[in-house]
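Hello,

Here is the structure we talked about. My notes follow below it.

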Amino acid sequence: MDIYLPIAEVSVNAGILVLLGAVVGFISGLFGIGGGFLMTPILLWMGIPPVVAVASEANHVAASSASSVISYSRKRQVDFRMGGVLAAGGAVGALLGVEVFRWLRLMGQADLVVSLSYLIFLGLIGGLMLVESVGSVLRQRRGQPPAKRRDRRPVWLYGLPFKVRFPRSRLYISVIPPVILGIFVGILSAIMGVGGGFILVPAMVYILRMPAGVVVGTSLFQIIITTSLASILQAGRNQSVDIVLATLLLLGGVLGAQFGARASSRFRAEELRALLGLIVLIMGLQMGLVLFITPEDPFILVGSGK
Amino acid sequence: MVTPALPPPAIVAPEPGPTVSAALTDANVRVTSAFSGAQIVLYGAVFDPETRPSDVVVIVRGPDQPIRIARKVRVAGLWVNSRPVVFEGAPGFYMAASSRPLTEIASFSTLRRLGAGIDHLPMNAPEEERIETRYGVRDVVVSRLGGDYLEWRRAVIRLKEKASLYATDHEGVRFVDRGLFRAEIDLPTSAPIGEYQTEIILFQDGEPVSRRARTITVEKAGLERWLFLFANEQPWLYGIVSVLIALTSGWLASVVFRRR
């Protein structure tokens, strides 16, 4: 059934949107990520204007993250204090990001920055994840012990001022690194239409050295706050949230997320990471490809004067 | 004496000379959630006591919409957009249908004067223009696009045609019977909201001899209209409501699944 979206002003198949929401929601629940990095490019390929895709996707990510964060919090796997600090940074980042995106759109460079961000961030993180997890899967197969994790935390993490205790994460560190991380992810969430879980999760593991158990839940908690804010800001500043589009996506999304969270216990962590790394890498390369291919038409319409 | 009978009162001719008249099957297009474009049929008739050869041109012009267009340029091996050029005065939808190719119907200057045909759309890029004195002539309008102006303009038209928003149809006006013609107006899903000015021009010997104007209104209706107004008139409240819907449905799904 085709449905005309009131803000995007295009007609799309409603069934496909619900199904897409469910598939991406399943992946989101399976890996404990928002799934925005998958959904936003798909929406763009479906012909949804970039501004609307990015803004509505922030709304959808908020829904699927809310759906899975509750089960993580029941298992005491959310560090609310750390999440709050990250979200404070995320709020500043989202404010900045919405303004930056507005400006980029006026300069006609929104497409370029979106493609480049996908290529760089997804390519880099997907590649790293893939290499790291395939390595550990291979070591396991050969019966070798897992590579020793360097547990020594970097000195700069402790040398900075404004130290705060994070009991759930068993950390006593400065708030400056998580706030900066939050700002960075907030900007990305406004520009790329993603929650930023694919950056937050590795950063929390490798930079902040948080225990693996609380990483996913905390990242989802911060994503809810950042994407909710980004969504309100995009609606308020750019009038670009399509509530019909977001609702169709989250119908499938919240259900898929629940099934995905259940399925995740059937796989080993390394195999899941390898698979996620592969998906992230492919998405990044696919979005970046447009920068290298000679365009069919040298001219491009860059949005109406809206 | 028999007074001669008075001649019967002469029927007053409405207008000397040929006239054209036309009607639309649907002058009001409602954009609802089921909207997937619209086809409007225009019917018309040519009244000409002398039945001279007639040509009919139908021009549909949607609401003006500034166009932002960029050129892909290669920078350090990457294809990136140039700074966009804003064209003003271009309609968001434009269709020129005629019974013969426009260039055979009337001269260039006549078409230009009437703004008939895509090539005669008064599009310009005011931000790129500046007024200066050249060769001693004052107030010369110079465009920074220079000789490329035509290329940019052609690109606008090409891209709009690809999106089915601009169309030229040399056989779009068909005479179905003596003096009776019809034309079809296809509005794509992306057709802008607003008033569409439809002009029907009758040409004889290369001169416009009669004109009629009709208006098509494209407007959002029902839930679409309500949501669109909500999003634009109370954007902050709209944003908060959409986030609340998202968070509530996420929470509901997790509650429902926990019970199972």
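Two strands pair if DSSP finds at least two bridges between them. Helices (H or I, at least four residues) and strands (E, at least two) are DSSP runs, numbered from the N terminus. This is a predicted model: local features need pLDDT of at least 70, side-chain atom pairs count only at pLDDT 80 or more, and totals for chains, interfaces and linings use all residues. Residues are numbered from 1 along each chain as its sequence is written, with chains lettered from A and ligands numbered from 1 in the order in which they are written.

Chain B has an open sheet. Its 6 strands run in the order E2-E15-E14-E4-E8-E11, with mixed pairing. Strands E2 (28–31) and E11 (166–169) of chain B are the edges, each pairing on one side only. The twist averages 15° from one strand to the next (axes are lines fitted to C-alpha atoms; angles run from 0 to 180 degrees between N-to-C directions). E2(B) runs parallel to strand E15 (residues 207–220) of chain B, and 4 bridges join them. There, B:Val29 stands opposite B:Val218.

Now helix H4 (residues 80–106) of chain A. Just after H4(A), A:Gly108 takes a positive phi of about 75°.

Last, the interface. 47 residues of chain A are in contact with 46 residues of chain B (C-beta atoms, placed from the backbone, within 7 Å). Elements of chain A that give two or more residues to this side include helices H3 (50–74) and H5 (110–141).

Best wishes

Conventions
Contact = placed C-beta atoms within 7 Å.
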